[in-house]
Amino acid sequence: MREVAIVSFAQAPNVRDAGAKNEVELLMPVAHAALERAGLTLQEIGFTCSGSSDYLAGAPFSFVMAIDALGAWPPISESHVEMDGAWALYEAWVKIQHGAADSALVYGFGKSSSGEIRDVLSLQLDPYYVAPLWPDSISLAALQARALLESSRYSEKDLAEVAVRSRRNARSNPNAQLAGDVDPAALLAEPYLVSPLRKHDCPPISDGVAAVVLAAGDLARRICQRPAWIRGIDHRIEPHSLGVRDLTRSPSTELAAEKAGVQQGPIDLAELHAPFTHQELILRDALGLRDDVELNPSGGALAANPVMVAGLTRIGEAASRISAGSAQRAVAHATSGPCLQQNLVCVLEGE
Amino acid sequence: MANPAEDVLSASYALEFSYTRSVGPVIGRFLTGLRDHRIEGVVGSDGKVIVPPTEYDPFTGAELESFVEVGQAGVVTSWAWMAEPRAHQPLDRPFAWALIRLDGADTALLHAVDAGDESRMSTGMRVKVRWREQTSGHIQDIACFEPEAG
Amino acid sequence: MGELCGVVGIGQTKYAAKRGDLSIAGVVREAAIRALEDAELEWKDIDAVVIGKAPDMFEGVMMPELYLADALGAVGKPMLRVHTAGSVGGSTSIVAASLIQAGIHDRVLTVAFEKQSDSNAMWALSSKQPFSPHINAGAGGYFAPLIRTYIRRSQAPDHIGMLVAFKDRLNALKNPYAHLHIEDISMQKIEDSFMLWAPIRYLESCPSSDGACAMVLAREALAKDAPRPPAWVLGTAMRTEPTMFAGREEVNPQAGKDCAADVYRQAGIENPRRDIDVAEVYVPFSWFEPMWMENLGFAEDGEGWKMTDEGETALDGDMPINPSGGVLSSNPIGASGMIRFAEAALQVRGMAGEHQIDGARVALGHAYGGGSQYFSMWIVSSEQP
Amino acid sequence: MEDPIQDITTPIRLDYQYTAGSATAKFLRGLKQGRLLGQRCPKCAKVIVPARGACARCGVATEEEVEVADRGTVTTFCVVHIPVPGSEIKPPFVCATIQLDGADIGCFHLVSEVSPDEVRAGMRVQAVWKPREEWDHTFENIRYFKPTGEPDAELEDTRGTGHA
């Protein structure tokens, strides 16, 4: 395997509604900032890959215009996944492993504010048996949460404490939407949104963009003082039907973690893409994270959840902390699909 | 449609289409059953009965074609209380989304339970099908489920 | 550079306006099973799945790979979903190949599909986004002016487009999977067909199809041991340029030229016309054949139409283009690019049946999309490098 | 016993609030006042109409506003013989790429008041606006373009090679 590292990360402040800015206008400063921090121009980059969703934008081919933000002239070697940007990063990593590129620009973008995201995500479900009933994303998460609560592993208080920590951590994240000091007892006094989930258990609706630059070996060392090396990256998927899965566990995360080598060394921090409080608990168990691991120092997806971006942001946030020297070995995670159907795990290390 | 307060031009629009989906033999058999007030599952690679029937085994990918009829009542394995139903959802008054393992099935089906009040819901409770008055071979032929006891 | 990748299994559905006998999963499954059968493999032999399709709005399912995981035996495996507009079938094949070439997996299943009949292919027309600054006259309204520019510049005679359509429709009669089998096809019939976007006639346009194409790719050692001859991947390339900018050359786009140059370099091709035996090229409207002949370097600028006119692109010509009948004969949009790649592989494997080009050793698969701005290509060979 | 089920119908409706990008909004506001606004790229100096907020070639933001003429040159076109769903325009009609005077990029619009047979690349055309009271945030404020009667403009690209 080639040594590949994240050498730069940039993101836009996550906001409830980016208003007048369209995807191109949101992406342009972020993509250019990521390139600038890496000291590379687009033409020096070997491969570009992005993640986004047409249904989020409400229009087909929504990723095509995003190219306008880059300056793709002369033409560039480029690809796109209809998935979170974390999987775009995976495709770019593969390209570098192949030797077809030594560096890559990866970005994800999404304006969740354009549509009713709870309903939009219903279209991810089985089109014959489930989607015609329009169960929304929060209801499905609530089914999962109840299954977890009734397994006796966790209580509603444990869920609230995840939210409290997320918001506390987010105070130092200028790009977060939800930050502050909240009291778990006060949160638990709030009514249910979709029982057993309360508002604090659910992610905010966010518009956002994130970009990272990957580089191989010596190039990474030359352009970055402390590259965040990708020591392992893997992703796995589970069956689609919720009724055949054990929703209290995340076997795909367990498998991806094993393949990515999470347990081959001590983990300092984890950035987990858990849009719901109970999902962070499921993921923590699946990854086998010990209590001393710093969890979601950015605040995670509970502090800002730009759909199609939030997974890539987790990887970028973890890498930034390694590059800053505040962590040596980190795990970053991204999820896709209803109730954690598909999961990606990435292990990052400093030199 | 313009918002004069900011430099924003925004307008609402609907992405709207009625899709016509051919369903193939397995889904077709299940839906045909619903039309005739019958619920069928399919036997998976490990012998477990999957309801609603998947065309392919969720874990091995094998083609499945051995059907069995299952009961029209079963047990709630998890649920969520929808205090404020959204557009298109099966009921327009507060209801529960539930995963329901029908008698004779080994997996759960997702549908709505018309329980009236959250206090009547619990995991492990028994529910039964309420058929739509006119059935046509659609998952919505099951109008919803209702608590079995009263 | 990297592991060698071989195509060891290919499967296609019968393409049709509506596959009313199958669900969406049933469509992808039919192609995938045939690819596995060709490779004499089972689901458990596959390490990862890469799937591609065009916009989700065709089927009204967001990220359908989530629902298709079970049907493609992907549970417990990595699954990637690619979407690069019309070139997606090609890009998907390339992503799958790179998983082998990078040494990450031993065997990868790749599938591309479209089930356009679910929406009667009408999705784009049913809702119009507000504030679109341009006047929209459909896909043909975008591409027909480019064709007119080509004709004006090259001074190609009017019948070239019809000649391409005639040739591809004749070829399709030899391909059992092709959607359109027009038994009584003739130049006259094409000329008499309804004018859609002048100069594009109805029979010079692609249909809208349901269908899927699948391939099993394997690393060198496994491909060598495959039950049937593999197609070795000698090179892969993708290029993108923006849709609109001042001075953009849209008829003969730079991205296409750069993509071809890159893939030729990897495959050691110095003279494409001489070194490539057969090509499957993405031609959704007949006139794109001569346009791509120039873009791909098979002909000098302005001379592509002469290849068509002189019969060189026919089955028995010296540079056969689209022996399968091409996109003009089958067009499940998301799969159309992969079909080009797979048909190129079938040719060098000697398994193209009635539309086999004798002795084909090196073949090009080509796809493009968007406003002639996304390109993906691969070169496959019967001979292991 | 009726026939087995082969098809189902599933209606899908999603509501979106679409926001025009700020550059598109400026262009559309200009149209509402009967003006055609482009932007000049700070890097390559080309004028892009409709304004898009970016020069796609250079990948830089564009801010400098440039008003261009409502007349220009047809660079290429096609004759549409089938109805466009949702449109009131009756076929056959001419859909053309028109490079407005002062712009360096073409825009798509209709050409009318001329037989489709007579439309040609290089033809000079001018906008025919709807009555002022009907103007809104749309390019359709221009009903179509019609020939000016000026001599044809010479097009740069007749060599058949890319000039980009």
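A:C339 counts as buried, because 20 C-beta neighbours lie inside 10 Å. The model is predicted. In it, the phi of A:C339 is near 50°, a positive value in a residue other than glycine. A:C339 lies in the loop between β11 (329-336) and β12 (342-349) of chain A. C:S372 also has a positive phi, about 50°, although it is not a glycine. C:S372 sits in the loop between β10 (362-369) and β11 (374-381) of chain C. C:S372 is buried, because 25 other C-beta atoms lie within 10 Å. Most residues other than glycine have a negative phi, and most peptide bonds are trans.

Cis peptide bonds occur in chains B and D. The bond from B:V51 to B:P52 is cis, with omega near -5°. B:P52 lies in the loop between β4 and β5 of chain B. In chain D, a cis peptide bond joins D:V49 and D:P50, and its omega is about -5°. D:P50 belongs to the loop between β3 (47-48) and β4 (54-55) of chain D.

Strand β3 (residues 40-43) of chain B pairs with β5(B) over three bridges, in the antiparallel sense. B:E40 has B:E69 in β5(B) as its bridge partner.

Chain A is divided into two parts. Domain 1 covers 4-115 + 205-227, and domain 2 covers 117-204 + 229-349. Their C-alpha centres lie 22 Å apart. The contact takes 38 residues from domain 1 of chain A and 33 residues from domain 2 of chain A. On the domain 1 side, β1 (4-11), α2 (54-57), α4 (85-98), β4 (103-111) and β7 (207-216) of chain A each supply at least two residues. The largest share of that side, six residues, comes from α4(A). The residues on the domain 1 side divide into 22 nonpolar, twelve polar and four charged.

In chain C, strand β4 (residues 107-115) is mostly covered, with nine of its nine residues buried. C:R107, C:L109, C:V111, C:F113 and C:K115 point one way from β4(C). C:V108, C:T110, C:A112 and C:E114 point the other way. Both sets are buried. Strands of a sheet pair through backbone hydrogen bonds, either parallel or antiparallel. β4(C) has a partner of each kind. Strand β2 (residues 48-52) of chain C pairs with β4(C) in the parallel sense, over five bridges. Here C:A48 has C:V108 as its bridge partner. Strand β7 (residues 210-219) of chain C pairs with β4(C) in the antiparallel sense, over nine bridges. In β7(C), C:V216 is the bridge partner of C:L109.

Helix α14 (residues 333-349) of chain C has 17 residues. The helix reaches 25 Å from its first C-alpha to its last, close to the 24 Å expected at 1.5 Å a residue. α14(C) bends by about 25° at C:I339. The helix is mostly covered, and 17 of its 17 residues are buried. Just after α14(C), C:G350 takes a positive phi of about 75°.

C:K189 lies in helix α7 (residues 187-192) of chain C. C:K189 counts as partly exposed, because 15 C-beta neighbours lie inside 10 Å. Leaving aside neighbours within four places in sequence, C:K189 is in contact with C:D184 and C:L203. C:K189 and C:M162 are 27 residues apart in sequence, and their C-alpha atoms are 9.6 Å apart in space.

The contact between chains C and D takes 36 residues from chain C and 41 residues from chain D. On the side of chain C that touches chain D, α5 (138-154) and β5 (195-198) each supply at least two residues. The largest share of this side, nine residues, comes from α5(C). Its residues divide into 16 nonpolar, 13 polar and seven charged. Strand pairing also links the two chains. Two bridges join β5(C) to strand β7 (residues 71-80) of chain D, and these strands run antiparallel. C:A198 stands opposite D:V79 in β7(D).

Notes:
Residues numbered from 1 in each chain as written. Chains lettered and ligands numbered in written order. Predicted model: local features only at pLDDT ≥ 70, side-chain atom pairs only at ≥ 80, totals over all residues. Helix = DSSP H or I, 4+ residues; strand = E, 2+ residues; numbered from the N terminus. Expected span 1.5 Å × (residues − 1). Bend = angle between axes of the 7 residues up to and from the residue. Buried ≥ 20, exposed ≤ 12 C-beta atoms within 10 Å, placed from the backbone. Contact = placed C-beta atoms within 7 Å. Nonpolar A, V, L, I, M, F, W, Y, C, P; charged D, E, K, R; others polar. Pairing = 2+ DSSP bridges. Domains from an automatic or database assignment.
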